[in-house]
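Here is a brief report on a helix pair and some backbone details. The structure comes first.

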Amino acid sequence: MATGLQLRNILQAASSSSVPRSVGRPRCSLHADGNRAKSGFSLQRMPIMANLEQLVMKEIDTAGASTIARKQTAASGVDDGDVVPKLYAVMEAAADRAQMHDIIGTQRNNWNHLLLNSLNAMTLTASVAAGLAAIPLAEGTPGHGAFKVSTLLYSAATVMLLVVNKIQPSQLAEEQRNAARLFRKLEKKIQTTLALGTGTPADVDDAVDRVLALDKAYPLALLPGMLEKFPKTVEPTVWWPKLGRQLRRQPSPQQTNATARKGAEGINGWSKGLEDVMTGVLGTLKKKDTDEYVKLGRLVLGINTAMAVAGPAITGLAAAGAGLMDSASLGEWPLMFAVVGGALATVVNSLEHGGQIGMIFELFRNCAGFYRQLEEEIEFNLEEADVKQRENGELFELRMALQLGRSPSELRTLSSSSPRKHGDAEHAGKLF
């Protein structure tokens, strides 16, 4: 830096001085009126020297700024040069995860269809076999061959139903579909950050945390690690990490007193009116959207639980009836259980797995999670006292409106009918 200052002084001295007179060189007139210069001709600053001075000064300023930036980076202990490669690495991992979930989701969706068709075929065949067992092959001779087949089919169907109802293939497929969508969304978010050139070490940490949170929310492994299909309490699915307050730069007390003021007008796109809008939307989300999907999830879970118990129970009774059909003391009851039980089990299995009740439960749980995420984002920004540390207010309003299927003007109208004021206010989300 000292060498640069010396060079700047030399250039300034050279540019301010005039060219010395040459002995014996004739004097020439520089003016049209014939007045002659008193002492030689004086040159103004030459263009080449002026341009050279500007280039050197620019280089010195750039070098100084780079030195300061390097010192700040070294003080913070973070090498900003690693941000872009790390973001690319996380983006590649997210794209790979999305492809993996796509493949496994297709596989588990096939499981649902194949197992459902197999179980229905087995129960219907066993029901027909049980009916045929009651028809004697000859006078006084029961059809023992058909009787043994129906018992075997019912027993196998009962065991398969226990396994299928435990893992819920349709729910597994929905988990993988949603995970693939969210991983692609994360991939696009990282691509946007790279395109804008605004990546920071905090963005890298946030992207890694989001990948790990998605891995936890939607595990690939079936056993162990599978999500509980019949939870005791229904909670919204959480596929995002805790919003990174610790990653944010904490303002100094002087900066907080000077520029941080909640509801500051015109700072970072925020205003008191926008805060009121977001507060109203937050109240609507909590009392309408999230709560409603949690209630629907509880209802569907109860129906799915009842069917998951009824299916194997009915099939087991049918198997017991098929095994006791030759008992004369029980009369026609075993035959009725064997025939009717098989048909009824087919109906229950078709409603549960053909109707994909497990998938519907997972869908409601994911919808509740979607609205819960919006709640946390709004709370996170409103709780940040330093307006400059929040997300840009106008961009945040637009993003919230689009995610709720509304325009910004509709979002402002919604906040005026918050459920705090009107119990029958409309829902915040219009997409689903």
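## Loop between α9 and α10

Q356 sits in the loop between α9 and α10 (357-383). The model is predicted. Q356 is not a glycine, yet its phi is positive, about 55°. Its relative accessibility is 16%, so Q356 counts as buried; the cut-off for buried is under 20%.

## Other backbone features

N268 is found in the loop between α7 and α8 (272-323). N268 also has a positive phi of about 55° and is not a glycine. At 24% relative accessibility, N268 is partly exposed.

A cis peptide bond links L223 to P224, with omega about -10°. P224 belongs to the loop between α6 (201-217) and α7 (253-259). Why point these out? Because most residues other than glycine have a negative phi, and most peptide bonds are trans.

## Packing of α3 and α9

Helix α3 (residues 83-133) packs against helix α9 (residues 333-354) at about 165°. Their axes are 8 Å apart. The angle therefore makes α3 roughly antiparallel to α9, as angles over 145 degrees count that way. The crossing of α3 past α9 is left-handed.

On the α3 side, the contact includes N112, L116, N120 and T123. On the α9 side, residues in contact include L335, A338, V339 and G342. By class, the contact has eight nonpolar, 11 polar and no charged residues.

## N120 in the contact

N120 lies in helix α3. Its relative accessible area is 12%, so N120 is buried. Beyond neighbours within four places in sequence, N120 is in contact with T346, N349 and S350.

Conventions: Residues numbered from 1 in each chain as written. Predicted model: local features only at pLDDT ≥ 70, side-chain atom pairs only at ≥ 80, totals over all residues. Heavy atoms only, no water. Axes fitted to C-alpha atoms, helices over the stretch in contact; angles between N-to-C directions. Helix = DSSP H or I, 4+ residues; strand = E, 2+ residues; numbered from the N terminus. Parallel < 35°, antiparallel > 145°, perpendicular 65-115°, else oblique. Left-handed = near helix turned anticlockwise from the far one by under 90°. Contact = heavy atoms within 4.5 Å. Nonpolar A, V, L, I, M, F, W, Y, C, P; charged D, E, K, R; others polar. Buried < 20%, exposed > 50% of the residue type's maximum accessible area, 1.4 Å probe, protein only.
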